[in-house]
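Please look over the sequence and the model shown below before reading on. The briefing that follows is grouped by topic.

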Amino acid sequence: MKYLKLLTVTIISVFFLQACNDDKATEPEKEKITIVDAAISNGSFTTLVAALQATGLDATLSDTNSSFTVFAPTDDAFALLGDDTINALLADTDTLSNILTYHVISGEVDATTAISLAGTTVSMVNGDSVGLSLSPDNELLVNAATVIFADIQTDNGIIHVIDAVLLPPSDIVTPTSNIVETAVANGNFTTLVAALQATELDVVLADDSANFTVFAPTDAAFALIGDATINTLLDNTEVLSRILLQHVIPEMAVDSVTAFSLNGVMVETASTALIPLNINTSTDMLTFGGANIIIKDIYTTNGIIHVIDAVIIGDVEVPAPAMSIVDVAIANGSFTTLVGALQATGLDTVLADLESDFTVFAPSDAAFAKLPADTLINLSTEQLSNILLYHVIPGKVLADGAITLAQSSSNTAEAANGDNVALSFSNSTLFVNGAKVSTADVMADNGVIHVIDNIIMPLAESDTPTNSIVEVALADPDNFSTLVTALTAADLVDTLADETKTFTVFAPTNSAFEKIDSDVLNALLADKTALTEVLLTHVVGEVSLSSVDAYAANGKTLSTLSNTKISVGIDAVSGSLVIGGANVVITDINTTNGVIHVIDTVILD
């Protein structure tokens, strides 16, 4: 999980100036401020300081006769590890010491120098290396962690603040099995092994005189593209071979640290295809061709395996049956409602056009069955057409192309009805808005079908709003009277009524507040400071985020006006948005100064 820009320049500047200038006027000689002094003075590194003290490394980093560069994780960075992990590390000082010294370079390396080293690896005090690279926004990355503030100068070195804890690579155990033997023994790569055997690439990747890096899709990754496509590939071994070779870097073993340093590079694979190797700065995940590397650095006698959660098809043309998308849907038998709707609107003719290519996110009959009774019957032909076209993207987009888009910073695409859909890839699952892709890459002669488990609805057209956020809440006391009472007690009414500003508000209903124990709620309403923080945790400032924008943030976090990060997810069954653990029950209430999404639980954390 990513939590960008946690410290403000003001806070850092204050601690730096304080650290450098305390007693300057009264001391004849400036008091030396060490790395540890600076960290203590700041107050945002209490876990780091405690860890240094537990291991005795505070004495090392207080030595003014030495100089160091420290990539310092904030308290929020450590918090992502969880209390249990932190407590276990504090009790295991050898492991903790190894982790801490993995954040330290001997000598001073300022930001300019570090940036100049992007694309390389740098040795740390514990003997391991980190990979330095730049994000698309030219932020300095250390492995997958982002430097959020740089060049804090002390009298014995430099601090660069980072937003994640760096974990050193595991110690290498001398391997005894080659790549193929390792995959077979693991048990999670049966489809990959079968594909290698079908193409006779198992012999190539078992060669102990060679050296390879293999990005290995799991059985679950292959399952995403579906049995039909897998069987098609097994029957077309030349095509399958090209796909498999896209997962192999020949003649070299690229470990994860080296891969971190190659962030942003197009890597040439054994098929000669160029596949992007990137760091997703929202998730801190290393990706290959859009697929997440979920397990790194499995060493073998002839190279390294990195486990990925999607199959990279890329530009390889997968053989398709001589049938249109409509023909394939009819033949499948699981899309009778979809086919009936296409025929009712005349869109079956459009999607049967073999001169065009389409990507169809096709709801199964089970997905349509989730709709309330008579929903389709009560729709006009125009309304039904609009919904169906919202499931279509012009052009053929295979699963890995969709995943690559989902992993990008601009992860929306324009559907055939002119509205945008959001693509996201979280927990190794591809989503389009709130619908999960259960099977991808069902090929047709004029495109590709991705099967989804929920209907996705385009944003409803609305009239130009005339009321502000506060006025909308005031007009609906049955749902928002408690929220209005809380806003009044916190003096936030004028703030959220300000039509010169823009907000996104996740608004708890009265029933959401009723879930809180009455004594706790009354105490909260009486504590203006705590109440203000809770309410502002429900507000994202300076932006009006539609539900599609929120779907696009699936698996990420949103920064709120309380400086708290709230998680964004999708309910795997209903497809509804989940914000900070609360279900979004109504979306996209547009106002004159932003948008309201109604939630069923008060976000207290």
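In which loop does Ser562 lie? Ser562 lies in the loop between strand 24 (557-559) and strand 25 (565-570), where helices (H or I, at least four residues) and strands (E, at least two) are DSSP runs numbered from the N terminus. This is a predicted model, in which local features need pLDDT of at least 70 and side-chain atom pairs count only at pLDDT 80 or more, while totals for chains, interfaces and linings use all residues. Residues are numbered from 1 along each chain as its sequence is written, and side-chain values use heavy atoms, with hydrogens and water left out.

**Surroundings of Ser562**

- Ser562 has a relative accessible area of 15% and is therefore buried (buried means under 20% relative accessible area, exposed over 50%, partly exposed in between, with a 1.4 Å probe and protein chains only).
- The side chain of Ser562 makes polar contacts with the side chain of Thr537 at 2.7 Å and with that of Thr560 at 3.0 Å; such a contact is a pair of N or O atoms within 3.5 Å, where within protein one must be able to donate a hydrogen and the other to accept it, and residues adjacent in sequence count only if both atoms are side-chain atoms.
- Leaving aside residues up to four places away in sequence, Ser562 touches Glu533, Leu536 and Thr537, contact meaning heavy atoms within 4.5 Å.

**Helix 10 and its packing**

- In helix 10 (residues 190-199), the buried residues are Leu192, Val193, Ala195, Leu196 and Thr199.
- Viewed down the axis of helix 10, these buried residues fall within an arc of 160 degrees, so they line one face of the helix; the arc is that of the directions from the helix axis to the C-beta atoms.
- The buried residues of helix 10 pack against helix 9 (179-186), helix 11 (201-205), strand 8 (212-217), helix 12 (219-234) and helix 13 (237-245).

**Positive phi elsewhere**

- Asp151, in strand 6 (residues 145-154), has a phi near 60 degrees, a positive value in a residue other than glycine, and with a relative accessible area of 36% Asp151 is partly exposed.
- Glu542, in the loop between strand 23 (539-541) and helix 27 (547-552), has a phi near 65 degrees, also positive in a residue other than glycine, and Glu542 counts as exposed at 79% relative accessibility.
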